[in-house]
Structures are given as structure tokens and as C-alpha cells.
Amino acid sequence: MSADSPSPPFEDPAFFRQAVELGLDVVLLLNGEGRIVYENPAIERLLGYPVEQRLQMSAFDLMHPDDMPAVREALGRVVSGAVDALTMEVRFQHRDGDWRHIEAATRPWVRGGETFVLVNVRDVTDRHRSTQALARSNELLGKMLRSSRNIVSLTRAANGEFVEVNDEWLRVSGYRRDEVIGRTADELGIWGDAPNRERLLRDIRAGGGRLRDYEIRTYPRAGAVEFVINVETLDLDGEPHILMTGTDVTESRKVEAQLRQAQKMEALGHLTGGVAHDFNNLLSVVMGNAELLRDASGDERLVRLAETIIEAADRGAALTAQLLAFSRRQTLAPSAVGLEDVVSAMMPLLQSTLPPSFRVEVEHAAAWPALVDRSQLENALLNLVLNARDAMPDGGRVVIGTGGVQVAPDTHRTLDVAPGDYAFLAVTDSGTGMPEEIRARAFDPFFTTKAPGRGTGLGLSMVYGFVRQSGGDVTIGDGPGGGTVVTLYLPRASDTGDDGAGDAEAEPTGGPETIVVLEDEPAILEVVRRMLADLGYRVLTAADEAALEQVLAGEEAVDLLISDVMLTGSRRGPEIVRAAQTGRPGMAALLISGFPADGAGDAAGRDLPAPILAKPFTRQALAREVRAALRRRRRPAAS
Ligand SMILES: Nc1ncnc2c1ncn2[C@@H]1O[C@H](COP(=O)(O)OP(=O)(O)OP(=O)(O)O)[C@@H](O)[C@H]1O
Ligand SMILES: [Mg+2]
């Protein structure tokens, strides 16, 4: 206290009285039944009642009912002398209705043979609330971490030891918690090689202990995982720790790559398709005129020159046919085809193509027939076997397998096909195999690793385009002995079976019929007109839809309408044909196109109003198709 009274005046009872009355804690005295005998003024701040009112009360009056039994028992023990001092927490209701948490220290006080209980009480409501808030936020944080689909780890910055990881971290990595805590990522081999880990640590340092959306590949027990991570450095108990959160992007990166590949193939398809289309038109002119030249000329030398031109145009046509196959625009004649049949029918050819150092084996699993163009499938099989041969310069084993798979309608598929049944044809070799960068480009047209003159790089492109156009998919995988397995998945043919159209050979002669040709390319129009005129037909021409209407409105009965499919600035050929044929049951039709399968939008070339003849064509092919069309016209219309 003050300087001139160095020791407290213990002899003066007034001192104690004042000290108690002044106290911020509540001091009270209870009798054995819990009645309040004395209470200091601090009670008014604690519970809102003045001392005078409290002296009418028992200690139990404002007490939470749940706390009463424990307090009663404790009081009994203090009064009976079983314990000397006791501390406990009890809830009381404030005058305003609020529950206050108080901490009470008690001690017996004997006076005149009666035992009282001396109590010191302190309000601990705020402490209580913050403890509760802390527990709540701990629980929330724990739940957030546990339920998070992000991985979270906490490591000591000094040595990289894991302090905590969440369940997602364990799920993705394939470890148990006890295998991780206290160990380091290095011990677990998670960063793969040292450079990967050092790059990460360097970048964390360069980022001042932070990283944002950082891509890294890790190698936990469960296999390589691509992550996008975020890193924070924080102090926990004075020690720097690294908090890492991350998202597994392995799957989405794969899907993105697939999408990029699909878009690339789509773009390449458009490009090659466009080139092939234009070349077919040019080749039509070259071939047609060369044929006219050959037939008109009596000069042996000129005939030979014309034949050379025709041969070259034929080779050009074969090339554009390959490009069209890739761009999924070739004419396909799908029918129910047993893959086993195709393989056994091809065996003699395959055996004779391969040198004796090769062995071809066949593995068939019972399967359903595929709905596919048989001759294109044979072509594809030959291409795959030739690739297998080229991948095994010293000879080896080629296994041709067939079977069936069901593609379920679930969300995640490796095959880009509609759900359903598929027949497959797989060619496996034990050759060099295909590294990732070759595999990514193997279907590209003109992509080849072979020496100039040894490969055009169109083999797999054709296979790809043909299978995609047929409603299937192609995969390239690793063969068992390090080689390659290429698998074609083809849609199952329905059980009712759709047979290929019978191809009646027509004689390439003309007739007296009248034919209208609609073609917007003047050079082609002229070639076709002359071919038909040479065959003996009466030929009318139209360069656009309006001209065609005029011709058809004229006197003459038209027997056949030949129309180009793609006409600049007008409807497409099939629509014009449909319109022109209504009301003219006697008029046959034939479509010609540089995109043979492009007519009605049906990828497989069905549902066209007329058969389609691919450009470029020879006069013989034209004659045959024209005859066939005219013959169909004469058949009775309905049955
Ligand atoms: N079975 C295989 N094993 C290893 N690599 C292959 C295999 N099949 C294809 N490839 C690779 O893919 C490339 C493209 O194949 P593709 O069949 O399209 O063309 P190509 O065989 O080179 O030429 P083309 O088939 O036109 O004569 C090949 O050059 C080769 O590098
Ligand atoms: Mg090839």
C-alpha cells in the first residue's frame, strides 16, 4: 500500500471487509443447505441482482438444473469435511436471461459449531465461449480437409517431414497415414528423380515461399500423378512449415490431349477432303478428255500418249481415294461381315506378301458380325500386316485376333464410339513398338518414318478414316513383347443382316434415251456431255438449278437426270434430284461427286435419292451406272 504503512494492517477487520467488498470476484458464504448468508457487491455485475435481493435466495435459485446434482454432492462433501477445497464450473442465469459460466473455488468455514462454505466465484463465460469457438473451427477445418477433393499436406520446411496429410492425399498416393507422417517425400520417392524435386524447391524459394497453380508430376505408390499445386509457407510454433494443396489433373490432361488429337484429325480431314475433292474434279477433266482424245484419234502415237495420261490420272485418282478414305468421305458399302471369314480369306494373300521369316497366327474368339465394307476391311488388314512386317526387319510373329466387346453407356470410355456391341480385329507384332511421339502422329496423312519411297504415310490414315466412317474406333497399344497392337473396333451388324447390294454388271453401251446433266463446273459438264453423246444418248445440259428447271419444263421427256452433289450457290444435288423427281416417276437419277459419300449427310452413304458415282470416272464406269439407273427406272415402281 502507501509508503508510510509498509505492512498490511492485518489487525484491522475493516481492512478485510473493505478488501472483500471491493473485490471484482464474487465472494459468498453459504450455510449447509446452500442458503446465501453473505455476498459481496460484485454479484450484481455477475448476475444482475443487488446483494439485498440475493440474500433472500439459495445458491441453487439461479443455477442451471443440469448442474444441480453435482453441486449438491460437492457441497455435501465440503460440509462433511470429506474434502478441504474444491473447484468446479457451474452455469447461472443472469437477470437478462443469459447463461453465465462461472468457476467456483470452495472451502469449509466453521463458526460456532456450524460448517459454512466459503465460495470465490469468477465469470469465465468469455473463456468458455472462445474455447467453444476454437473447438468449432477445429472441427470445421478438420471436416473441410477430410471431405476436400484436393490433396493437402503440411511438412516441416527444415527437413521436409510430413506433419499432416488429408484423406485425399492418402487416396491419390496409395499410402497409409502411418507410412507417411514423420517421413519425407524423398524417402517415399514421391518426386521421382532429384531434378524434379530440386526444380520445385528452387521455385518455392524464388516465389518467396509461395507457389500459385504450379504444375508438377509426382510418383507416389499409386503411379504417376499430374498435379496443379499451391504452396504457402507458415510459422507454426516458431517453426516454418510448408502447406501444399493440389488438384489431381492427370485425367483432365489426358482428356484434353484426346480432344486436341480429335480436333487435329478433324482439321486434317477437312483439309485432305477439300484437296481430294478439287483434285477429283481436275482429274475428271483430264481423264475424260484423254479418253475422248484416245477414241477420236486414229493416230497410234497420239493414242499411246492419251493412254499415258489416262494411267497417270488413274494413279492420281487412287491417291485421292486414299485421302478421301482418311477424310471419311469414301463410298462405303457396309454389309454384315464375319471377321473370321475376312481373315481366313485374306490368309493366302498375307502369307504370300510376307517373307518366310514371318509367321502369321490367328486367334479367334466367338463374336458377332460387323457392319462394315468388306473390301475396305481387307484393305485395312493388309495395311496393318504390312506395317507389322516393316516393324520387324528380321522377321517374327504376327498375330491376327478377332473378338467382340460391349461398350457400356458409362461416362468414361477409352473408345470414342456410341455404347453398344463391337466386333474387333487386332493385329499384334513383336517389332520395334511405337514411342509416344510417333503414336500421336501415326494416323496423320503422309506421316511416315520410313525411307523415301518406302512408305507414303497413308496406310494408317486410311484405316483410321475408314473405321471412323464405319462408326468404330482404332486404338494403338503396346504389344506383349514390346511390339505394337493395332485394334479396329467395328459396330456389330444387326441380326436381321443387311446384305451388300448385288452388283449387276451392265454392258457399257448407250441408248436412245434423253439425259440431262447438271454440273456447275463447265469443263466437267463438257466432258460428261461428250462421253454420253459418244455413247449415243441425247444429252441436255444445265449449269445451275434454274437452267435445269427450264430444261425439265420443256417439251422433251427426260429419262435420266445426272447431278453433281456440291453445286456452288444452290441446294445440294440430292435435294434438287428429290424435287425434280416428284411428279416425274419416269425419270431416273444419278449423282456424281468428288466427295462420293457426302450426299445426304449420312456418313455411310445411305439414304441418297440416287446412286452416286465418284469422280473421276471413266466413260465405261459412267456408261455402266447410266445403264443401271435406266434399268431401275423401267422396273415396276411399287410392289
Ligand atoms: N506396327 C507398327 N509398329 C511400329 N511402328 C508402326 C507400326 N505401324 C505403323 N507404325 C509407324 O507409323 C507410321 C505411319 O504408318 P502408316 O501405315 O500410316 O504409314 P507407312 O507404313 O509409313 O506408309 P504406307 O502405309 O503409306 O506405306 C509408320 O511410318 C511407322 O513409323
Ligand atoms: Mg503402312
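Tutor: Domain bounds here come from an automatic or database domain assignment. The model is a predicted one.

Student: What does the domain assignment of the protein chain give?

Tutor: Domain 1 (13-126), domain 2 (148-248), domain 3 (257-326), domain 4 (335-491) and domain 5 (514-634). The C-alpha centres of domain 1 and domain 4 lie 91 Å apart.

Student: Which residues are the closest to ligand 1?

Tutor: Asp 429, Thr 448, Thr 449, Lys 450 and Thr 456 are the closest of the 20 residues that surround ligand 1.

Student: Why is the pair between Asp 429 and a nitrogen atom of ligand 1 called a polar contact?

Tutor: The cut-off for a pair of N or O atoms is 3.5 Å. A polar side-chain atom of Asp 429 lies 2.8 Å from that nitrogen, so the pair counts as a polar contact.

Student: What makes Thr 449 and Lys 450 polar contacts of ligand 1?

Tutor: A polar side-chain atom of Thr 449 is 2.5 Å from an oxygen atom of ligand 1. For Lys 450, a side-chain N or O atom is 2.5 Å from an oxygen atom of the ligand. Both pairs are within 3.5 Å, so both qualify.

Student: How much of ligand 1 does the protein bury?

Tutor: Ligand 1 taken alone exposes 590 Å², and the protein buries 90% of that.

Student: Which elements give two or more residues to the shell around ligand 1?

Tutor: α13 (374-391) and α15 (459-469) do. α13 gives the most, with three residues.

Student: How do the residues of that shell divide?

Tutor: Seven are nonpolar, 11 polar and two charged. Asp and Lys count as charged, so Asp 429 and Lys 450 belong to that class.

Key
Residues are numbered from 1 along each chain as its sequence is written. Chains are lettered from A and ligands numbered from 1 in the order in which they are written. This is a predicted model: local features need pLDDT of at least 70, side-chain atom pairs count only at pLDDT 80 or more; totals for chains, interfaces and linings use all residues. Side-chain values use heavy atoms; hydrogens and water are left out. A residue is near a molecule or strand if one of its heavy atoms lies within 4 Å of it. A polar contact is a pair of N or O atoms within 3.5 Å; within protein, one must be able to donate a hydrogen and the other to accept it, and residues adjacent in sequence count only if both atoms are side-chain atoms. Accessible areas come from the Shrake-Rupley method with a 1.4 Å probe; for residues, only the protein chains shown count as cover. Helices (H or I, at least four residues) and strands (E, at least two) are DSSP runs, numbered from the N terminus.
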